[in-house]
Amino acid sequence: NGSTAQGTGGTYGWKVDQSAEIDMINQMFTDMTSQDRDPQWSQTAVSFGATDWGNTYIDVSLTDQHIWYIQNGTSVFDCDVVTGLPTPEKETPQGVWSILEKLQNKILRGDRQTDGSYSYETKVAYWLRVTYSGVGFHDATWQPWFGGNRYTYAGSHGCINMSLSTVEQLYNLVATGTPVIVHY
């Protein structure tokens with residue numbers, strides 16, 4: 001939408017493989033050699049720089065309750081959403097993430113109760129995981145509408161709720177590994 005946002009958090013980006021680097025440095029010390037080289041990476045991003053997610057990503061505005069899928073620098077899809085209820089335990093986490101998995105006909109489960117049951121069990125048609133803790137995009141057929149301030153009183157447990165038709169479109173557009181930028 002042309003606005004600028006700042007945020008921190010997420011699991012996306014560059015990560016040095018510390019164990020491999022230690023082994024490499026020890027070997028160079030043993031061999032008494034030196035070299036200019038890139039570090040060993042355990043995780044990489046699209047490119048180096050302030051916007052290392054490149055020009056293909058999903059932009060989630062918690063303020064606007066809206067998402068955009070930017071492909072090769074052009075918005076090819078957008079829709080209203082309902083994000084997490086703005087309480088510490090349910091707020092959708094800000095940061096730069098990525099699509100970790102794409103599944104169809106997934107059962108989402110809440111916390112396990114003392115009797116062994118779950119606080120909730122909900123089957124969704126489309127699931128695009130964003131965090132290891134269980135936040136993702138999914139259909140929310142129980143939501144009568146999306147966008148606006150609905151998240152302030154009928155928000156999710158942190159997930160990004162979408163209509164069945166819009167999450168199906170997003171599911172078919174994006175690949176695993178696509179960066180996801182979540183911000184206010």
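How many disulfides does a search of the whole structure find? The search finds zero, a disulfide being a pair of cysteine sulfur atoms within 2.5 Å. C79 takes part in none, and its nearest cysteine sulfur, that of C159, is 15 Å away. That separation is too far for a bond. C79 counts as buried because its relative accessibility is 7%, and C159 counts as buried because its value is 10%; buried means under 20% relative accessible area, exposed over 50%, and partly exposed in between (1.4 Å probe, protein chains only).

This is a predicted model, in which local features need pLDDT of at least 70 and side-chain atom pairs count only at pLDDT 80 or more, while totals for chains, interfaces and linings use all residues. Residues are numbered from 1 along each chain as its sequence is written, and side-chain values use heavy atoms, with hydrogens and water left out.

The protein chain contains three helices and 11 strands, taken as DSSP runs numbered from the N terminus (helices H or I, at least four residues; strands E, at least two). Along the sequence their order is β-α-β-β-β-β-β-β-β-β-α-β-α-β. The C-alpha atoms fill a box of roughly 65 × 50 × 30 Å along the principal axes. Of the 184 residues, 38% count as buried. Among contacts (heavy atoms within 4.5 Å) with a separation of 6 or more, 63% come from residues 24 or more positions apart.

Attention now turns to one loop. F48 lies between β2 (41–43) and β3 (57–61), and F48 counts as exposed because its relative accessibility is 59%.
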